[in-house]
Amino acid sequence: MSVAIISDSAATLPREVVDDSRVSIVPMSVTIDGATEPEGARPLELVASATDVSTAAPTPGDYDVAIQHALETADRALVLTVASTMSASHASALIAARPYGDRVHVVDTSTAAGGEGLAVVAAADAAAQDASLADTEAAALRVCDRVRLIAALRSFEQLARSGRVPEVAEWARRRLRVVPVFEFVDGKARPRRPALSWEAALDRITGAVIASARATHATRATDGAGLHIAAMHASAVDAADQLLTPLRERFPAARGYVGAFGTVMVAHTGTGLAGLAWYWDAERAA
């Protein structure tokens, strides 16, 4: 039995990871000044600076096309979506999957960006080992339960405008001149204690990963065995590299990649975001 993996583009997976994992990506769309286009059709900076921008999840028809294509070469399909609290992507996938019965399962990852991407990669890894649909889904859900996502932003203005964080967070940033830091928890972006500088914010994010190694109480946690990391950014690749490089040096056995936000994510966060999503595979770290 073979299982195909499908995800929406909110997972921010780099092309090389998509190709290696053989994941099918269903793109979201963005509407700028009344013109709708698929994600990635224009530079991020133009989307971030536009005043009339809206985004849309893939339609049930979009998912149906992807499912049909996947089932041409696979027996089953698993669809993983961005948190249902953030997008209608999950609802669209459920509608599309209904006619296929038990052949297609849909998972709400309850996370986004790098967190979603790590769940997708875990599912793809399981499928590559000829796991059943149930076991492939279980592999993804284990990551969803364990993954953490912390990021820093130059500004909360875009997130506050979109309703993703309270407007008071942006007011505090302006008044106190601090760098906002947030954690994505249970489908929502929740502000954490702000940092006094960009460098301090990045150090704090890296420190959270290091602290989580101690919390695993695993005998091999010191070399990073079982650690999976996704460094993500919105037009801030240098900052993403700055986050990932010291962790690769400290945890040489860790598995990681850098993923860039697409236009839909940037429409909500703005540019200048950098962060990490990560989880520990306790079995490998033991």
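1. A267 is buried, at a relative accessible area of 16%; buried here means under 20% relative accessible area, exposed over 50%, and partly exposed in between (1.4 Å probe, protein chains only). A267 is placed in helix α11 (residues 263-269). Its C-alpha lies 10.0 Å from the C-alpha of I32, although A267 and I32 are 235 residues apart in sequence.

2. The model is predicted: local features need pLDDT of at least 70 and side-chain atom pairs count only at pLDDT 80 or more, whereas totals for chains, interfaces and linings use all residues. Residues are numbered from 1 along each chain as its sequence is written, and side-chain values use heavy atoms, with hydrogens and water left out.

3. The protein chain holds twelve helices and 13 strands. Helices (H or I, at least four residues) and strands (E, at least two) are DSSP runs, numbered from the N terminus. Of the 286 residues in the chain, 55% are buried. Among contacts with a separation of 6 or more, 77% join residues 24 or more positions apart, contact meaning heavy atoms within 4.5 Å.

4. Helix α5 (residues 113-128) packs with helix α6 (residues 133-146) at an angle of about 150°, and their axes are 8 Å apart. Axes are lines fitted to C-alpha atoms, for helices over the stretch in contact, and angles run from 0 to 180 degrees between N-to-C directions. The two helices, α5 and α6, are therefore roughly antiparallel to each other (under 35 degrees counts as roughly parallel, over 145 as roughly antiparallel, 65 to 115 as roughly perpendicular and the rest as oblique). The crossing of α5 and α6 is right-handed; a crossing is right-handed if the near helix is turned clockwise from the far one by less than a right angle, and left-handed if anticlockwise.

5. Which residues make the contact of α5 and α6? From α5 come L118, A119, A122, A123, A126 and A127, and from α6 come T136, A139, A140, V143 and C144. By class, this contact of α5 with α6 has ten nonpolar residues, one polar and no charged residues. Ala, Val, Leu, Ile, Met, Phe, Trp, Tyr, Cys and Pro count as nonpolar, Asp, Glu, Lys and Arg as charged, and the others, Gly among them, as polar.

6. Helix α9 (residues 198-216) and α10 pack at about 30°, with axes 10 Å apart, and α9 passes α10 in a right-handed crossing. On the α9 side, W198, E199, L202, I205, T206, V209, I210 and R214 meet A239, Q242, L243, P246, L247 and R250 of α10. The contact of α9 with α10 divides into nine nonpolar, two polar and three charged residues.

7. One aromatic pair is counted, where rings of Phe, Tyr and Trp (its six-membered ring) pair if their centres lie within 6.5 Å, with planes under 30 degrees apart counted as stacked, over 60 as edge-to-face and the rest as tilted. The rings of F251 and W280 have centres 5.9 Å apart and planes at 90°, so the pair is edge-to-face. Because F251 lies in the loop between α10 (237-250) and β12 (255-260) and W280 in strand β13 (residues 273-280), the pair ties together parts 29 residues apart in sequence. F251 is buried at 3% relative accessible area, and W280 counts as buried at 9%.

8. R22 lies in the loop between α1 (15-21) and β2 (23-26) and is exposed, at 75% relative accessible area. A113 lies in helix α5 and counts as buried, at 2% relative accessibility.
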